[in-house]
Every structure is written in C-alpha cells, then in structure tokens.
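Work through the exercises below with the sequence and the model open. Each task is followed by a stepwise solution.

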Amino acid sequence: MTTQRVPLRMIEDEQADALDPVTAEVLRNAFMTAVDLMAEQLLRTCHSFVIHARDFSGGLCDANGDTVAQGSSDVAVQVGTLHFSAKAVLDAFRGDICEGDVFILNDPYSGGTHFNDVRVLRPIFSDGALIAVAQSNGHWADVGGAATGSFDPSATEHFGEGLRITPVRIWSRGRYLADVGRLIASNTRSPEDAEGDLRAQAEATRVCEREVHRLIERYGQGTVIAAFGESQAYVERVVRRRVSALPDGSWEAEDYIDNDPSGGEGLVPIKVRMRISGNGVHYDLSGSHPAIGSFLNSAFGGSYSAVIAGTKTFFPDVPLNSGFYRALTVDFGPRGTVVNASWPRAVTGFYAGPYEKIVNAIFQIWSQIMPERAIATSFNLEYVLLGGRDARPHGQEQFMYYDWMAGGWGGRNGKDGSNATASIFGVGHALQSTEMQELTSPIMTRVCELKTDSGGPGEFRGGLGMVKEVMLTDCEGAVLSYCSDRAKSVIVGSLGGSSSCPHGLWINPASTDERYLGALASRVPVVPGDSLERPSAGGGGYGDPLRRAPRSVREDVVDGYVSIDRARKDYGVVVVRDAGDPDLYMVDDVATAAERRRLRATRAGLLETDPEHVAQRYKDGELTAYDLVRQYGVIVDWGSGELLPETTRKYRAILHERCRSHWAGE
Amino acid sequence: MALRVAVDVGGTFTDVCVLGENGEAPRVAKVPTTAESPIDGVMRGIAQAGADLADTRFFCHGTTVATNALLNRAFPRAALVTTRGFRDVIEIRRGTKEDLWDAYKDVAPPYIARRDRLVVTERVDATGRVIEPLDMAEAKELVDTLRRRQVRTVAVCFVNSYVNPVHEIAMLEFLRAELPDVAVSISSAVLDEILEHERFSTTVANALLSPLIGHYAGSLEKRLAESGYNGRLHLMHGGGGVMTTQAAQKHAARLASSGLAAGAVASKHIALACGYENSLALDVGGTSADISIVCGGELKVVRNWSVDFGHPICFPNLEVLTIGAGGGSIAWVDDGGALRVGPQSAGAAPGPACYGLGGTAATTTDAQLVLGQIDTSLAAGSQLLDVALAKRAVSKIARELNCSLEDAAVGILRVASANLADALKILSIRRGQDPRDFALVAFGGAGPMHAVHLARELSLSAVVVPPHPGVTSAFGCLLVDIRHDFSAMFIRNAQAADPYEIESTFLRLESHARKSLLEDGVEPERISMQRFIEMRYHGQSRSMPIAVDQPVRAIGGLVEKFHVQHREEFGFNHEHGDVDLYQLSVSALGIIEKPRFGALSSGTGKPIEPVGRRMVRFIEPKGWLETPVYSRSDLCPDAKVTGPAVIAQPDSTTLIPPDWTATVDQMGNLRISMDVERQAR
C-alpha cells in the first residue's frame, strides 16, 4: 500500500430519521459533556505534569471506532487521531472484548502521535453488546528510551525513543492485570508515575462510561446509538455546507524543516496541496521530502492531526468528530516521506517537524480563501529537557526539568498577532510556574520576559516571543536535550510582512565558553554555573511594515515591544524620546517620511547583497540576526557565523514570494 | 426592635431583604439598579422595603462595584513593581487561551500595560535566601517615575516572596515613606502562596480595586450613618462571608465576586433547613444562570475565579459556574440545522421579542409565553408581554426547522434546559458526586420555570423553590459570618513532615486570623477556626483539602483520611502511594448571630382556589392541558398543589407539570416532588 486514504463516506441518514432534531442536539451536547467530564477527572488525578499542563485528549467513539465527541479542551496536536486508536484496538481484539476490559496503546505507526501519548480505552457495553469506546489519551512524562523524557532528537529509529505499546489488554473483565501494568511501568524512568497515570486515565474512562449508561437509561439504547451516528452526520453537514459555499479551486503552500542531519544543509520542504471541489476538501501531502535523520518525522497519524488542527482553525466553532474528518480526504503520499514515515523511523519530534509545518502551510492556504480569518505563520512548541542529580542539601533525587515557552502568533488581517501565547501545538497547553520549577529543580531562572523586537514586523505586527535565561545551581551529572526547529527555517511574514527571529539555545552566551547548540541538541552535559539562554519565536508580520501607522509603532516603542533602533530599521519610523520628559516619545514625521522613502528604494536590493559578505559582517558584530533574516535574507550558523548557502538561496526565494512580491511602490 | 437589612446590587435590579427579630416573614423590595451611583439605588431600596436604619443592627451589602470596575477597566493610574527579569509575568500568564480554536479571539490584555510595569534588581531563591539585595538606588529612580506619572496605586510583586517577603516589605516601607498618598499592595500580604502568575495577578487586581473600594465603602458608610445606622457596614465577599470596610480595603479583590456568593449561601441554608445535605442551586436570571453545589452540607471553595480569562483572582471563592442561559437567551438554527439556544442574549434591551421593545429574535421567554407557561403580565402588571410578537419570533425558528410553532417552542425550552442540565452535571461530577443524590434549589426569576423539567432529566429527588425566588441572593446576605482565609505553603513529604511544625504553623495562622477578627470588632467567644491541609499523591499536580479537626500530634490519621477522600471523590486511590503536603490553611469565622425563622401559620385547610385557568403546553407530556393558575401569596404552609399547575408571584413563576406535586412547608418553601404512584410505575 502506498497511500493511506481516509475514505469519504455517505451520511447515514436512515439513523438520523429515527431521531427528532431536538433530542439529537440534546444528546450531542451530552456526549461532549461526558467527554469533558473525563478531562475534569483526569486533571485532578494525573501524575504527569505534562498532562496537567493539558497535553491530553479524550474521546467517545462508536462501535466502529469512529469518534462521536472529542473533548472541548483537547490539545490540538492529538486531534483527529483518537478514532485510529479505537479502530486499532477493535481490530486487534475483534470477538475477544468483554465487559470490564480496558486496553492501552501508544503506537504512532497505527495512527498514534508519539510514544509519550499513551491511550487508554474502555469499551462500553449495553445489554451485552459493545456499543461505544471511551478513550483517554495523555502525554506521560517518560516512556523509556535513551533520553530523559523519551525525547532524543538524535534518534533515527524507534528503539532509541521509547517503549512501543501495540494494543494490549490491561484490565480483563474488571480485573487489573498487574503483571502487564508492571511490565509497562518498569520500562519507564518513573514507574510510580506511569502506573499513577494509567490508573487515573482508566478511571476517567469509567466516568464517560457511567454517563453513557445514564443516557441510555433516560433515552433508550436505540436512541443513543442513533444519536452517535447523527452527531457525526451533523458535523459533516455543517462542514460540507460551508465548504460548498466556497469557490472550487486548488491551492498549495510549503513550509520547511531546518535540515536533514543525514544530508547536507538545506531546508527540507513539506508540501501541502489542497483542492476544494463541491462540498469536499481534499489534501495532498505527496510532494514532501523523504524521511530525515532526526526525530522530526511524522507517521500518518501526526500528519493527519496537523491537517485537522490547521483546517479547524478556519472552522473554529464546529465541533470535532468523525463527521468533520469525513468531509476531508488526505492523501499522505508514498510511505517513507517525512510526513508519512513508517516503522522504525523515529517520529517523537513530529510536533516540531511536520505537524507545525503542515499547520502553517494550511494557515497560508486558508488565509487566501477566508481573508477575514487570515493569519501569518505562528510559533510552535520548543522544548528543553534537563535531568540529573539534585545536589541541594535536602534532596538526593534525580530531577527532571522539562520546560517550554509560549511564543508569538502571526499578524492578522486588521489585528496584530498575540504576544506570548501557547503554541499551535495547542493553545490550552499551559506554561509552568518559575517558582515551582525553582522549588523542584536546582535551576534558577534569571530572565523570563517578552523578547523585544521578536514580533515579525508588518502592517499588523506578529506577536512577541519570549526570552528565557536559566542557571544551573547544585546538581551533578546533568544532561540537556533541546527539541525545537526554526533555527534556519525562520518564521516569515505574509503579504509583505517580515520575519521573526531564529530559535536556538546558547550556553553561557557572551562569555569565553559560549556554545551555540542550535534548535536540536541531544544529551549535552552541563555543569553548575552554566547559564542557558534561548528565545521563542514571534509570529510572522502581516502586510508591509512600511504601511504600519507610525502612531502604532510609537506605542510599541513606549511598551518596549519594539526598540527605537528597530522601529527605524524595520518600520522606517523615527521615534525620539523627549529630553525633558523621559516618558514622552514622539514620531519625527519628516524623518520618518524620508526613512520610509529610503527603505522603499533600497530594501529589494539588500536582499541581493553577496551573502558571504553579509555573513562576514555578522561574524564581525556589525550586523545582528534580525538584520540577516529581515533585511538581507541570509541564514548562517548563528554560533559560528558560517554561511549556509543552500539554505540562504531557498530562504531568499521564500522571501521573494511572501514579502518582496507584495511590496508596493518600489 | 432590631432589624437586619441586606441589599444585593445586581446588574439590573437592587434587591432588599429585611428581617425582624421575631421570626416574622421577611420584607422584600426590588428596585432598578442605578448604575451611575449605585448608592442611590441602595437607599431607595431600603426606603421601599420600609426599613428604618436607626432600628437596624446588622447591615450587609453585596455589590458589583468591584466587578464592574474590572469589566470596564475603570481604575486609577496603577503600576506594577517587580523583580528584574520578570516584567511580563501578568502578560505571559500561563500562555493559554480560553477559545482554543478561534485565532481571532484574544485573551484580554493585562490590567497594567507593559509601560507601567517597572523592574528593580533584587532576588530571593526558592529557600528564601537573598541572592541579590534590593537595589535602593534603582528603587529611588522608580519612585521618581511613579511620582512623575502620578500613579495612585502600586502592586509590588517579587519572585519567591512567598518564602521570604523581606524585599517586598522593604519596598512597601520605602514607597510609604516616599509616596504617602499612594496605595500599595504587596503580593506576600495579599496572597501568601507559591505560583508567581496567580499571586501577581491577584495582587494587581487588589491594587486596582483598593482605592475604589475604600472610596465606595466610605461613601456608603456615610450615607447609612446619615440615615441613622450606627453599626458596621458588612460587605459580601466571594468566599461566602462578609468583611468590614477596614478588611475590604486590604483585600479589595475579594469583593470582585461579591455578587455570586450570596445566592449559593442562601441555597445552602434553604436546602439544609429542608433536610438536604446535598443540593444543587440554580439561579436563572435574564442573561445568565449561576449554578452552585452543596455536598455534605458544605459549599465548595475554588481558587481560580476571574472576570477576564487569564487574569485570575485566586482568593478562596465559592464555586459558582455561570453559563449564558437566561430568559433572554436567543434561539437560533445553525449551519448543520441544529437548534441552539444562547449564549447570545437579548439582554434587558431590546429584551425578548414579547417585550415589544424592538427585539425580533426568539428567546426562552418567548417560547414560554407561546406555550402559555407564563402570563402575559409579569411583575404585578409592570411588564406586559405580547403573545403575537412572541409567536412571530418563534415561528421563524419553526420555519427553519420545518416544524410547528408548538414544536419549535418546546424545542427551544428542551435545548435551554439541556444546557442547564449539562452544567449541573459538570459541577456535580467535579465533586465526584452522582447528581441523583441531590435536591435542586431553584430561584432567580426564571429558575423555577426550568426546575421540575431539570429534576426529571437528571433524576433529582426533589425541588425546592424559596418563598421569594427573585430576592434569594439578598436573603443569603443575612446568613453569613465574617470570614477571613489565611494560608501558608507547606511543601513536604508527609512521612518527613514534623507534626510539631504543622501545629505551630496552624497556631501562627490562627493568631493572625484572630487579630484580624478582633480588629473587625468580633467578640472573642464568637471566633471559630477551621483548619485544612492540602494533600496530594507525590507526583500529582493538584491537591485536595483535608479538614483537620483537632491539634496535630501525628500525621498518620490525616494521610489515612486523604486516601479515603481521594477514593470518594475520584473512585480510586493509591493505598501505598507516597503522600505530599502542599499548604496549610485556616478559615476564620466571626460568627454573626443568625436570624430565627419562625414557622408560618398554616392555612385554613380549605382547598386553595386558583386565580385563573389557561391552556399550557409543558415540555412533557405532549399536548395542551387546561391548567389552573395559583397565586403564591394564597399558598400557606401545608397547602398542596398537584400538577398540572402554574404558581405565579410578582418575582417569578413556578411550573408544576402533571405527575408532580408541590406542598408548602412551614418556612414557606415550595417542595416539589414526583408523585409516588408515578415513581412506582
């Protein structure tokens, strides 16, 4: 099989006929409530702080495994994959499922996302028949593998990443299979937490089961089962009706992973083509690059969730279930690509690789179709994992410091992007408290603030990213991994908008032992006194920054969102501070008009400056990373300053299409 | 004679409830809220209820002043002073959004803009050690800036100040000396807890509100005194207690949820008086419904209340879930052909179509009017409703659904009720409870309209409708105690925790609390303390409060209690799991003597005559029924009304469908339950 297609199916209207529309609506909401109740319970009982930060999802599936309701607060990165897991369990145990059984799996190669996302499924019975499946999916803090937290950016195969759980029975007729549970937990770094999460998730599915039984008691089994079908048909109707109101056509967009570590330098393209015909939407990912030599690959489940999450952003009020998925088809293209990787390719970093790029490519496509919801490229999750021995006086334990930041979302049609917002990974994904981190790890945060100038300049500015600087204190044997992307495939703007800033982790910046690790680093030893600094990207700018109202630029300067220096360079706005009143900033209108004229005349030419020459000026400290990505279109290794010629060539081509071609008046 | 007077100011109406000493029925009044100067409405309401303030010995007030200030962002110029490197804690927040999918719906901006967030060099580590001293030269520059900008109120929020507040205190003293007219809130005094975003956010709200509350409470006190009141002013706070004016200035942000708590407190009292330890409260007004829960006789306290998502006020707050489902909620048919009700509301203007004020969208009230469930004249004739306009609005929905007018109206009410039912389920499940074990206390103008249908949907055992459903919140204001909450972080493994240290921490909190209550003028013998330890399994991120009812000498019993409570709430526990302590807290009450409620005199025993009859279509069963309409004022204790029936009163309407019966108890409540024969079927 070279292609996995999600088949288009007809609406099962004979079921819908049996239900009056009000009962259908009442039950559709009740199913959502049943799923949300699972989330309520899981949040209160989980062990993984990653789950507690809302990296989880839940679903109620019908007897075919199709999703009837998905939780209203689920993390974006897992949406659209719960039915794959339900079907995997139903297929694996067909004819051998009893009341009181519970199953577990985390297999990304059968439609899961990555090994940490462990799914616990409880088939629901009524009158002796299997009528539904309740599912709770949560990101465990660790599932074994070579690296703490089971995130090893250098892994190329699954064996180094973590424990792969194909569908396994974990409760049999209500009895917990402790031997199986122990086998799974023993393969993780924190067996107690693993079993704690397993129990919490299994108990959460019981809450959903109880709700379904109550609804059956009230409305009857036939009605409830009919409503499972109608809930999906309803969503499918909504999506198809809206799509049919849009013009038919084809669109395509690309976004890029930084590079393939097993190849040379050069951006790795992820290609999304989309066609609207009649009332259906058809995606085609077949033009994407072959799988790469890091963990930034995606199996089809992760790519599918990206298609769903990206599309859903343009249908924000439509509930998610298999009815939504039926209105879309996805051609993942041949197996073995970066978006359709197969066993045993490493896929744990799918969220920072293909997931993010597919979502942002879909943002580009739908921004053309629905300009009223247009949004430029937005920040995605970056993730530090740091572990070792806590050598502070009171503790002899291992510590696990996993940290992620918020970042900027893209500029919008008529509106600046949101500052420091959780990533497109899922905007419910909460940041941790610095004070709690300092209590539990020998790590002190020195800076955790918005990063001035990080929002991509535009008529509507991209939201600001953050900067974080932490220092290791009393620890031993500490090892660091950094899982991110976009050190080279920098977030760019839309419709003439400008770029944000590159990702990358620095150790002891501006000192003699400065080291630059870039966006991916695996198991790097660090010692007490080391300081780690990293930015999170801002959003891409929307529209030509020279069209931004000077007054808005001045307000940004007053708030320190934009520096006086970059106000001039990026916006051509000359802001001066009053000598008498330090709180008073003014726009110099005459100087601004002159500066904007000058930039209009010269900016296209700067993008053709000899890149070697630009790289040298960066090395010499004459130019900053902002100058390179915004004014010169040059990408270097930000640590050494070495030019990346192939990456730069492609980056300039991207800027030509997304920025320069939209600059008017040159 | 000594009266107790409560005035609860809501968005639309100011409600007044007056109780005498001898258990006679309360006097109530309802006047329009005067948004511009709410105190005028307060005084007018008191006059209308006929309360003489010179005869009043207890005055309690629920107010939306703080809530409105946060909603409208009408504050004096404010600044945040914080640790260098942490300027944006209240803007970065937890990074989350309320609307997960709509990329155009933004979180509200922080209350204090970045330009007014000033940093100073200082640092304390997680153990409380000073890493960098407070830089007084920078502090001095900062004071110049505050003075130049004419800042009126300042929040001082330093990282790790919950372990060691030394720098916050130093900054407070410096600001007081340099800027004596500027109000200052420091985070370690406002909310002495770990988690910088939540503590900073609460402190910022407190700083914004304290000048406003101080001014408002002062003006009201003056007006009350001028009218002869010589007692203290008690202000209702979100924790379900009251505070004096002095305490309110210190913890002004506790008043932000003032309006929500009183209804919950009233429902608890009513349910307990009726013998129900477990109850759900449903308060349905014009635009929204407030839902709360009492389990085992206790209201639940939560710590994540906010006016704007992302800017929490983390004082202990009674758990009240507000959803957009009220009498003015608008019905609509969506793209998928599904009938939806709310959350958009027609509000007070234009209001439901039947008000004839220009509204054309069908609302819940219009559907009720079409079905004959409410009379064409409301509030003793002050509001006349136009059936033709209601029919016209609902018939638009009927056309879209391709069904009859009647089916459309019934559908609207079923969907509206289902929204309420889902919210009631969420709230009870959060407590790990089965809703079937609960009684429903229904109030607000529209609560008693939905109550019996909801009871049927959720298989609830009984419904209680209090005598004056429309002024229940004001009634709740008369049932409260002075309440302060104090807490201390206590993050330890339970095995390693020293019981002596726990006990001494509790004693310290209690002595602090006692001091506050004495300052409030509470007599020592009226002070009552409740202790709690927050506990969790090692590795869990949320903890659970375990009540501590005696001096702590050993930890084992408390750990055992935690295991049991975890099983009760969540259905499982880890019997051999490692347990951590998280926080110790004390709720300190200054007990206010409660009014006595005498039994009402029973009626003559003669059957009660309906005041009218009309055709009513209930949600269930199908079909129109000739239904008697009773006046609530005719119903004395022991009166019995069997469904179908409508019970009308100026501030509300109660529906009794067939197979249900209402009886009036000695307190004047309607007690509604399903007929026994029907249950057996």
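**Exercise 1: chain A overall**

Chain A has 17 helices and 22 strands, where helices (H or I, at least four residues) and strands (E, at least two) are DSSP runs numbered from the N terminus. The model is predicted: local features need pLDDT of at least 70, side-chain atom pairs count only at pLDDT 80 or more, and totals for chains, interfaces and linings use all residues. Residues are numbered from 1 along each chain as its sequence is written, and chains are lettered from A and ligands numbered from 1 in the order in which they are written.

Task: Compare the radius of gyration of chain A with the globule rule.

Solution.
1. The rule, 2.2 Å times the number of residues to the power 0.38, goes with a radius taken over C-alpha atoms.
2. For 666 residues the rule gives 26 Å, and the radius of gyration of chain A is 25 Å, close to it, so chain A is as compact as a globular protein of that length.

**Exercise 2: helix 14 of chain A**

Task: Check the span of helix 14 (residues 589-606) of chain A, then locate its bend.

Solution.
1. The expected span is 1.5 Å times one less than the number of residues.
2. For the 18 residues of helix 14 of chain A this should be 26 Å; the end C-alpha atoms are 25 Å apart, which agrees.
3. Helix 14 of chain A bends by about 35 degrees at A:Arg600, the angle between axes fitted to the seven residues ending there and the seven starting there.
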